[in-house]
Amino acid sequence: MPGSLIVWILTALILTAVLTQRWWEPRLAARGVDVNGWPLRWWIGGYPRVVLRMWVTWRRVCLINGLSVSNRGNMRRVGDIAVTGTVLRPKPPRMTFPMPTRGGLTVRVYMHPGQTPSPYLSAAHALEHAWRVYGVRVSSPARGQVLFKVTALDPLTGERPAQGGVELRLLQANVGRTEEGDIWLIDFRKVPHWLVTGATQSGKSTLLAALIRGLSVQRVALVGIDCKGGMELGLFRNRFHLLATSRTEALGVLGDLVEEIETRMQACRTAGVRSIWDLHEIDRPAPVVVIVDELAELFLSDGSREARDETEQCAVRLLRLAQLGAALGVHLVLAGQRVGSDLGPRVTALRSQLGGRIAHRSHDEASAVMTLGDVNEDAVIVAQTISEDERGVAVVVSGGRWKRARSDLVGAADVAQIAQTRGPQWPFLSGPVLEKEGGQADG
């Protein structure tokens with residue numbers, strides 16, 4: 001009786017809310033409440049249907065995927081013979097009440113004694129089909145428990161901005177939204193260096209533009225290397241302190257940055273600290289983010305000795321920045337279609353220093369393996385499912401965990417606004433970086 005009474009009360013409340021929507025919606029909007037941002041259609045219609053499917057199919061799914069166990073043994077003695085059989089009604093693990101989220105739900109399951117999360121991870125795809133949802137992610141937040149994060153619909157489709165409202169700190173950039181509906185943050189304090197790969201028109205340039213937009217309003221020095229004549233990064237030339245548009249210029253810029261980190265190391269040794277973040281805020285130099293668009297252009301050679309020497313020096317200087325730059329406030333973002341050993345002998349060593357990986361759509365499996373294979377094998381499979389219609393969608397891996405995300409589109413108005421932004425004056429400690437004029441460097 002109490003259960004049916006609760007159902008009737010909830011049904012009456014939902015019907016009343018739907019019938020009076022034209023009355024309360026404009027009044028809430030007048031008070032600044034974004035009603036359109038509420039997933040009412042999911043809460044009212046989709047969520048109850050998914051919960052009903054979960055309750056109806058839970059026992060059967062557990063039985064088929066080996067998640068159920070029996071309190072009785074599966075052996076019986078018939079005379080002098082021990083017979084092994086199959087338990088007819090094994091007991092499924094206990095599932096708590098599903099709690100709704102903005103675009104899905106979460107449910108906690110208590111495992112049977114002796115079970116591990118591995119069978120539940122293997123059953124994730126079966127649960128997606130049984131519950132008819134977009135995705136099921138499995139984690140184990142506590143001993144003896146697994147948590148299912150169910151995503152009902154693909155949150156990377158549509159144009160609704162990500163929900164968040166997180167106050168960003170220095171070296172954090174909001175570049176889009178994740179598959180969980182949250183904002184996609186690139187945090188250089190947590191992950192100092194990033195590798196971005198993907199085929200042509202897969203969304204790499206869109207991601208770099210969103211990253212520049214997020215960093216342009218901060219006290220961060222931006223250094224760009226765009227050996228395609230500056231066609232991509234040249235749009236933000238005024239915001240960059242240094243911008244190289246050829247490999248020869250890039251070699252000089254990288255040399256200046258190596259001198260900069262050596263100067264910063266000397267400043268840290270003098271102050272008796274281990275990183276620039278331990279320096280007093282007044283004496284702390286501005287962090288530097290180096291963005292390289294199309295990394296392969298730095299490593300391609302025509303076979304001449306001069307070209308081979310240039311590629312070798314570029315590789316050595318990039319590798320040194322990656323190895324020493326994190327504690328000294330110098331961070332790398334390297335983008336390219338393929339970043340494999342075919343570019344040069346030092347590319348593999350450089351790639352191993354880039355803890356953050358972002359893989360957009362690729363033409364072949366090898367490109368996805370080069371980016372994600374040494375971090376997470378499951379992410380490689382997911383990256384290969386990105387279609388040509390999902391421009392800007394990528395698989396992001398950091399700290400061994402992966403997620404799907406989509407970068408925000410940066411329009412012409414945003415580009416013009418970024419071009420008018422000025423970075424910090426004299427962000428470098430070393431003198432010979434480039435001559436300054438009004439707080440900016442001539443790239």
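The largest pocket holds about 1,400 Å³ of space in this predicted model, where local features need pLDDT of at least 70, side-chain atom pairs count only at pLDDT 80 or more, and totals for chains, interfaces and linings use all residues. A pocket here is an open set of points on a 1 Å grid over the protein atoms alone, where a 1.4 Å probe fits, with protein on both sides within 12 Å along at least five of seven lines; lining residues have an atom within 4 Å of a point. Of the 39 lining residues, R137, E179, R401, W402 and K403 come closest to the centre of the largest pocket. Residues are numbered from 1 along each chain as its sequence is written, and side-chain values use heavy atoms, with hydrogens and water left out.

Among the elements that each supply at least two residues of this lining are helix 5, strand 8, strand 9 and strand 17. Helices (H or I, at least four residues) and strands (E, at least two) are DSSP runs, numbered from the N terminus.

Helix 5 spans residues 124–131, and its buried residues (under 20% relative accessible area, 1.4 Å probe, protein chains only) are A124, L127, E128 and W131.

Turning to the strands, an open sheet of 10 strands has mixed pairing and the order 9-8-17-16-15-10-14-13-11-12; two strands pair if DSSP finds at least two bridges between them. Strand 9 and strand 12 stand at the edges with a single partner strand each, so one side of each lacks a neighbour in the sheet. Strand 8 and strand 9 run antiparallel, joined by 5 bridges, and R177 stands opposite I183 in strand 9.

Key:
Buried means under 20% relative accessible area, exposed over 50%, partly exposed in between (1.4 Å probe, protein chains only). Grid points are joined across faces, edges and corners, and a volume is the space filled by probe spheres set on the points.
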